[in-house]
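Here is a short report on one protein chain. Look at the sequence and the model first, then read on.

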Amino acid sequence: YRDDDDINDVASMAGVNLNEESARIMATNSDLVGTQIQSCKDEPFLAAIPLHKRILEMAKKLGITDVPAEVVTFISHATQNRLRTVIEKVTVITQHRMESYKDDEWYEQATDVRSQLKFFEQLERLEKQRKDEQEREILLKAAKSRSRQEDPEQARLKQKAKEMQQQELAQMRQRDANLTALAAIGPRKKRKLDSPGLLTVGGEGLGMSGGSQAGLGTPSSRQYARQKITRVNLRDFIFYMEQERETSHSLLLYRALLK
């Protein structure tokens, strides 16, 4: 009993009475003493009746006539676990695709495909503009020529030059009309939505007194936390199936690649 005496001595030195503490614990948890605790009802993930029918149809082909309800519950939970795993992995793939490393100091930009595409588009636009100018000069020269004996090609060029001049004149008139209309309308005024004492409801402004301003705030002053949405596309799911051993050579993967 020497160890118990040492413990009692330490507890008494700390001002704790072990008998009182044990009695207090028993009084607090007295409603749990002698009771039986059981788990809650197991809720299946899939509908039990259609799933049971489907399992029976597949089991009859193998010569099995009876499938207990525990098998249905087990398959339902396995499906839920599998679906959760697939969603988690595809979500990680999508987040990795959407992650940007532009502001990361540990990464430097090696290539910029978007700038390269813009450069090629600009080159194509300049080349097209140069060809249009050459064609315009040819048409203008053909229109100014005054030869008495004109061949059909010369007449066609003159007609095309005439149509081009009419089209340019129509574009200039349309541009002048647009500028005149904008000048007549005047500068557009922005609506003040953050003005105090004005609450917009259904497109109408409702004035509020000073007392109501203290109790009600304008909608623009409130800041709501926007929930981040992860959008998974078919390309992410195809990448997931290519990485998994079970689906890397499956028919489902080839069907997804054909879409």
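## Ground rules

Contact means heavy atoms within 4.5 Å. With that rule, take Arg231: leaving out residues up to four places away in sequence, Arg231 touches Thr94, Arg97 and Asp236.

The model is predicted, so local features need pLDDT of at least 70, side-chain atom pairs count only at pLDDT 80 or more, and totals for chains, interfaces and linings use all residues. Residues are numbered from 1 along each chain as its sequence is written, and side-chain values use heavy atoms, with hydrogens and water left out.

## The chain as a whole

The chain has nine helices and two strands. Helices (H or I, at least four residues) and strands (E, at least two) are DSSP runs, numbered from the N terminus. Along the sequence the pattern reads α-α-α-α-α-α-β-β-α-α-α.

How much of the chain is buried? Buried residues make up 12% of the 259 residues. Here buried means under 20% relative accessible area, exposed means over 50%, and partly exposed lies in between (1.4 Å probe, protein chains only). The chain exposes about 23900 Å², and carbon and sulfur atoms supply 55% of that area. Such areas come from the Shrake-Rupley method with a 1.4 Å probe; for residues, only the protein chains shown count as cover. Among contacts with a separation of 6 or more, 44% join residues 24 or more positions apart.

Helix H6 covers residues 152-185. Its 34 residues reach 50 Å from first C-alpha to last, close to the 50 Å expected at 1.5 Å a residue. The expected span is 1.5 Å times one less than the number of residues. Gly186 follows H6 and has a positive phi, near 90 degrees.

Which residues of H6 are buried? Leu157, Ala161 and Met164 are. The buried residues of H6 pack against H5. An α-helix has 3.6 residues a turn, so residues three or four places apart point the same way.

A salt bridge is a side-chain nitrogen of Lys or Arg within 4 Å of a carboxyl oxygen of Asp or Glu. Lys160 pairs with Glu135, with the closest N and O atoms 2.9 Å apart. Lys160 sits in helix H6 and Glu135 in helix H5, 25 residues apart. Lys160 counts as partly exposed because its relative accessibility is 36%. Glu135, at 35%, is partly exposed too.

Arg136 and Glu168 meet in another salt bridge (2.9 Å, N to O). Arg136 lies in H5 and Glu168 in H6, so this pair ties together parts 32 residues apart in sequence. Arg136 is partly exposed at 36%, and Glu168 is partly exposed at 28%.

H5 spans residues 113-144 and includes Phe120. Phe120 counts as partly exposed because its relative accessibility is 47%.

## The largest core

The largest nonpolar core has eight residues: Val86, Val90, Ile93, Ile238, Tyr240, Met241, Leu253 and Ala256. Helices H4 (69-98), H8 (234-243) and H9 (251-258) each give two or more residues to this core. A nonpolar core is a set of buried Ala, Val, Leu, Ile, Met, Phe, Trp, Tyr and Cys residues joined through side-chain atoms within 4.5 Å.

What does Tyr240 touch, not counting residues up to four places away in sequence? Its contacts are Arg82, Val86, Lys89, Val90, Ile93 and Thr247. Thr247 is in the loop between H8 and H9 and is buried, at 14% relative accessibility.

Glu244 forms a salt bridge with Lys89, with the closest N and O atoms 3.1 Å apart. Glu244 lies in the loop between H8 and H9 and Lys89 in H4, so the pair ties together parts 155 residues apart in sequence. Glu244 is buried at 15%, whereas Lys89 is partly exposed at 35%. The salt-bridge count comes to six.

Now back to Arg231. Arg231 lies in the loop between helix H7 (210-215) and H8. Arg231 counts as exposed because its relative accessibility is 61%. Arg231 and Thr94 are 137 residues apart in sequence, but 7.4 Å apart in space, C-alpha to C-alpha.
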